[in-house]
Amino acid sequence: MPDSERIAQLRPSYQDELTRGTGRFFLPARTDCPWCLGTELRGKLRTTDLIQRKPGEFVLDQCRGCGHIFQNPRLSQEGLDFYYRDFYDGLGAETTAKMFEGNGSKKRFRRSARALRRVALPGRWLDVGTSLGHFCATAKEVLPDTEFDGLDMGEGVEQAAKEGRIQEAYRGLFVDLADEMTGRYDAVSMFHYLEHTPDPHRELAAAHTALAPGGRLLIEVPDPESLSGRLLGRLWLPWFQPQHLNMVPMGNLCRRLRELGFTIEVAERRDAHIPADLACATWFLFDRLLPRDDAPWRPRRPARASRAVRFALVWAAVPVLIAAYGLDQLINPLARRTRFSNAYRVIARRDG
């Protein structure tokens, strides 16, 4: 079915939801830090949904004590359902699949698998937040004797099992399913997953449960201490509102893992950097100036003239976007070696 027809079918249900306002999509604002419970908070960032352009305004606060950055007020479950819908599945499924299937993603997946292979050769690996299972399929090239399972909330994890990218699919919340996996895995990975969760402490405890003694936990997340985030402000992609609920500094994560009974084996930024900050920021700037694209959360379809103008301007912007992406690649060797790196990796061994 063409996207225009799917959008037309979805528009009535979206509009019905939006007539009731967006206030119900948020929980009451916190007065303390969800990481350390400190009460000295400061406003960090106020922004909108720069990706899908769904309505709403989102605030990030920072704890003055531990540096943790978190969405405040946080999305409710109803809000999470609304803002995630048609991103990883539905209307956005094809775009998401192309993103994970690209050469850049595959190179990053291989680097991550090799990073763990340097410290262990796992027999059974659980990828939490696996989506369509593309990491597992690529990692299998690096670790051919490893069996990969996947867990996710969306329907993509079931598709991944059907298409052979993972062996076993778990659909649901990790914190709810971890007890039935007790001690089953030699490796658990969380690639750009932890920042999406409402309670990272519970997610880390769930990983400890699912791992066998001596098993490894591999985490990659955006780095809230990155200088790129300070430089680009709300245009920095890893802020990724409204999906990113918690942004954990590396020091906080490592300390918490030690408290849970892990030994930190790797904590580094260099290899986790994703060179796309400037290209994404450039696109966000252009997108603010362009006529809106059609989407079911907008009251009506844009006029034909508006759509034609947008199409022409997008093509006119392509050379600038290519130049920005080229600059990302040019400065990548320097950025990844400095605090401009936009992500970090931690590998921790579960103590016996």
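1. The second largest cavity is lined by Asp49, Ile51, Gln52, Tyr83, Phe87, Phe240, Gln241, Pro242 and Gln243, and about 40 Å³ of space lies in it. A cavity here is a set of points, on a 1 Å grid over the protein atoms alone, where a 1.4 Å probe fits but cannot get out, and lining residues have an atom within 4 Å of a point. Grid points are joined across faces, edges and corners, and a volume is the space filled by probe spheres set on the points. The lining of this second largest cavity divides into five nonpolar, three polar and one charged residue, where Ala, Val, Leu, Ile, Met, Phe, Trp, Tyr, Cys and Pro count as nonpolar, Asp, Glu, Lys and Arg as charged, and the others, Gly among them, as polar.

2. This is a predicted model, in which local features need pLDDT of at least 70 and side-chain atom pairs count only at pLDDT 80 or more, while totals for chains, interfaces and linings use all residues. Residues are numbered from 1 along each chain as its sequence is written, and side-chain values use heavy atoms, with hydrogens and water left out.

3. Helices (H or I, at least four residues) and strands (E, at least two) are DSSP runs, numbered from the N terminus. Another cis peptide bond joins Asn72 and Pro73, again with omega of about 10 degrees, and Pro73 lies in the loop between β3 (69–71) and α2 (77–84). Most peptide bonds are trans, and most residues other than glycine have a negative phi. His192, however, has a positive phi, near 50 degrees, and is found in the loop between β7 (185–191) and α8.

4. Helix α11 (residues 277–289) and helix α12 (residues 304–335) pack with their axes 7 Å apart, at an angle of about 160 degrees; axes are lines fitted to C-alpha atoms, for helices over the stretch in contact, and angles run from 0 to 180 degrees between N-to-C directions. The two helices α11 and α12 are therefore roughly antiparallel to each other, a term that covers angles over 145 degrees. Among the residues of α11 that meet α12 are Leu278, Trp283 and Phe286, and those on the α12 side include Val314, Leu321 and Ile331, contact meaning heavy atoms within 4.5 Å. By class, this contact of α11 with α12 has 12 nonpolar, one polar and four charged residues.

5. The second largest pocket has a volume of about 180 Å³, a pocket being an open set with protein on both sides within 12 Å along at least five of seven lines. Of its 13 lining residues, Ser228, Leu278, Ile331, Ala335 and Phe340 lie nearest its centre, and the elements giving two or more residues to the lining are α9 (227–232), α11 and α12. Helix α12 gives the most, with four residues.

How values were computed
Angles under 35 degrees count as roughly parallel, over 145 as roughly antiparallel, 65 to 115 as roughly perpendicular and the rest as oblique.
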